[in-house]
Amino acid sequence: MSDYKTARIAMVDCQVRPSDVTKYPIIDALLSTPREAYVPLSKRPVAYAGEHIELGNGRVLLDARTFAKMLDAVNVQPTEMVLDIGCGLGYSTAILAKMAEAVVSIESDQGMAQEANTTLTEQSVDNGFVATGSLAEGNVKNGPYDVIILQGAVMEIPVTLSDQLKEGGRICAIFQNGALGECKVGYKSNGKISWRSEFNASAPILNGFETKPEFTF
């Protein structure tokens, strides 16, 4: 549908480029991936609106500005292996697959994961797949990863996930603190992750990434 193509171009020109995201691989991936294919039918008319799109079960498709700025900050390379957490219906998987060598996505909702894989196959995305499992546990089997990116907010990153990041790798997440959120990129060096703040953003907290209660004695 040419209407969707027009909307896609407008999304890039009005939401992404004005946010200082100009890297060719990101722009190219956004322009060549039909966002409307990765949302429920009822949400297709708003697929290119400048806000998060609710997919159900607490999952959202991040707005284009936020997602593009995360991609810009984490700087995925064509030779890299990416772990994508909370991919919903697979849009982030499709975008990352155009930029990386391979993408493993994790979705805890089995129905969403199956639908995502069906759409990815229909869209000829052959270097990205969606596994069903706990978001916080990631996917040890196919790791370690050069890049880990989370499609929603967190209050903390569990060690189980940061352990799957290669030495020298990057992890990108939105840290939510009440109504305020901040996107940060973590760099792994000598087994430890040092975080750098990139920009302000907010999103619903992914299940499994709420702060665990701390016991005090």
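## Helix α2 and its buried face

In helix α2, which spans residues 24-32, the buried residues are I26, I27, A29 and L30. Viewed along the axis of α2, these buried residues fall within an arc of 165°, so they line one face of the helix. An α-helix has 3.6 residues a turn, so residues three or four places apart point the same way. The structure described here is a predicted model.

## A94 in helix α4

A94 belongs to helix α4. With a relative accessible area of 1%, A94 is buried, because the cut-off for that class is under 20%. Leaving aside neighbours within four places in sequence, A94 is in contact with T33, Y38, L120 and V125.

## The cavity

Rolling a probe the size of a water molecule over the atoms shows where empty space is left. In this model there is one cavity of 30 Å³ or more, and the largest cavity has a volume of about 50 Å³.

The lining of the largest cavity consists of L55, V60, L61, L62, F67, G86, C87, G88, Y91, S92 and Q151. Two secondary-structure elements, strand β2 (59-61) and helix α4 (91-99), each supply at least two residues of this lining. Helix α4 is also the element that holds A94.

## Salt bridges

Across the whole structure, a search finds eight salt bridges. One of them joins D13 and R17, whose closest N and O atoms are 3.1 Å apart. Both partners are partly exposed: D13 has a relative accessibility of 39%, and R17 has a relative accessible area of 38%.

A further salt bridge is formed by D72 with K23, the closest N and O atoms being 3.0 Å apart. This pair links distant parts of the chain, as D72 lies in helix α3 (residues 64-74) and K23 in the loop between α1 (2-16) and α2, 49 residues apart. D72 is partly exposed, with a relative accessible area of 22%, and K23 also counts as partly exposed, at 32% relative accessibility. The side chains of K166 and D146 likewise meet in a salt bridge, at 3.3 Å from N to O. K166 is located in strand β7 (residues 165-177) and D146 in strand β6 (residues 145-154), so this pair ties together parts that are 20 residues apart in sequence. The two ends fall into separate accessibility classes: K166 counts as partly exposed at 32% relative accessibility, whereas D146 counts as buried at 14%.

## A buried lysine without a salt bridge

K188 is placed in strand β8, which covers residues 180-189. This lysine is buried yet has no salt bridge.

Not counting residues up to four places away in sequence, K188 touches S162, D163, L165, K166, E167, G168, G169 and I193. Among these contacts is K166, the residue that forms a salt bridge with D146.

Notes
Residues numbered from 1 in each chain as written. Predicted model: local features only at pLDDT ≥ 70, side-chain atom pairs only at ≥ 80, totals over all residues. Heavy atoms only, no water. Buried < 20%, exposed > 50% of the residue type's maximum accessible area, 1.4 Å probe, protein only. Helix = DSSP H or I, 4+ residues; strand = E, 2+ residues; numbered from the N terminus. Arc of directions from axis to C-beta. Lys, Arg positive; Asp, Glu negative; His and termini not counted. Salt bridge = Lys/Arg side-chain N within 4 Å of Asp/Glu carboxyl O. Contact = heavy atoms within 4.5 Å. 1 Å grid on protein atoms, 1.4 Å probe; cavity = no way out; pocket = protein on both sides within 12 Å on 5 of 7 lines; lining within 4 Å. Points joined across faces, edges and corners; volume = space filled by probe spheres on them.
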